[in-house]
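Student: I would be grateful for a close look at the aromatic rings of this structure and at the parts of the chain around them. Please take me through them in one connected account.

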Amino acid sequence: MKNENLPEQINQTLEELWLLLETKERAYTNFRLNNQQYTLLTLIIRYPSSTPTELAEKMNITKSAISQQLVKMELEGYIYRKQHSEDKRTFSVELGEKGLLYKKEVEIFMQQIQEKYYASLSREELTNFLSALQKLTKVIDKL
């Protein structure tokens, strides 16, 4: 392993890991969503009561693109829009019945992944890995 290739190898490994997790999660949950919809549901789960503008900013896409996906997801029962009580012009996005089912299935899948982590790696290894990933995230965020 050449040192000058380490950053490239790290990036490739992270991409492969992400793709592997994404593929396994989709196979486990068996929902028929496109990439943007999967990402949106993940964001809605992590950041409840987000507005479409906040979601668009997090995904770095236009509010129009978000709105198109939200309409489809609302029709299919994954989400619903909740009007803010103070400002009637704005609304938040909440999980609908299918969205809650998706969340529950993802939680079960993540529990299985967590168990595999602890079965294969020590707490120290996991802690060191998390620390390194957090540092890499800060490095990349500064670009």
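Tutor: Rings of Phe, Tyr and Trp, with the six-membered ring taken for Trp, count as a pair if their centres lie within 6.5 Å. By this rule, the count comes to four aromatic pairs. Please keep in mind that the model is predicted.

Let us begin with tyrosine 28 and phenylalanine 109. Their rings form a tilted pair, with 5.6 Å from centre to centre and 40° between the planes. Tyrosine 28 belongs to helix H1 (residues 6-29) and phenylalanine 109 to helix H5 (residues 97-120), so this pair ties together parts that are 81 residues apart in sequence. Phenylalanine 109, by contrast, counts as buried, at 6% relative accessibility.

A further pair is made by phenylalanine 31 and tyrosine 78. This one is edge-to-face, with 6.0 Å between the centres and 65° between the planes. It links distant parts of the chain: phenylalanine 31 is in the loop between H1 and helix H2 (35-46), while tyrosine 78 is in the loop between H4 and strand S1 (79-83), and the two are 47 residues apart. Both phenylalanine 31 and tyrosine 78 are buried. Ring pairs also join Phe31 and Tyr78 with Tyr38 and Tyr102 in a cluster.

At 6% relative accessibility, glutamine 37 counts as buried. When neighbours within four places in sequence are left aside, glutamine 37 is in contact with Arg32, Gln69, Lys72 and Met73.

We may now turn to helix H4 (residues 63-75) and helix H3 (residues 52-59). Their axes come within 9 Å and cross at roughly 115°. H3 is therefore roughly perpendicular to H4, because angles of 65 to 115 degrees are classed in that way. The crossing of H3 and H4 is right-handed. On the H3 side, the contact is made by Pro52, Thr53, Leu55, Ala56 and Met59, and on the H4 side by Lys63, Ile66 and Leu70. Sorted by kind, the residues of this contact comprise six nonpolar, one polar and one charged.

Key: Residues numbered from 1 in each chain as written. Predicted model: local features only at pLDDT ≥ 70, side-chain atom pairs only at ≥ 80, totals over all residues. Heavy atoms only, no water. Axes fitted to C-alpha atoms, helices over the stretch in contact; angles between N-to-C directions. Helix = DSSP H or I, 4+ residues; strand = E, 2+ residues; numbered from the N terminus. Parallel < 35°, antiparallel > 145°, perpendicular 65-115°, else oblique. Left-handed = near helix turned anticlockwise from the far one by under 90°. Contact = heavy atoms within 4.5 Å. Nonpolar A, V, L, I, M, F, W, Y, C, P; charged D, E, K, R; others polar. Phe/Tyr/Trp six-rings, centres within 6.5 Å; stacked < 30°, edge-to-face > 60°. Buried < 20%, exposed > 50% of the residue type's maximum accessible area, 1.4 Å probe, protein only.
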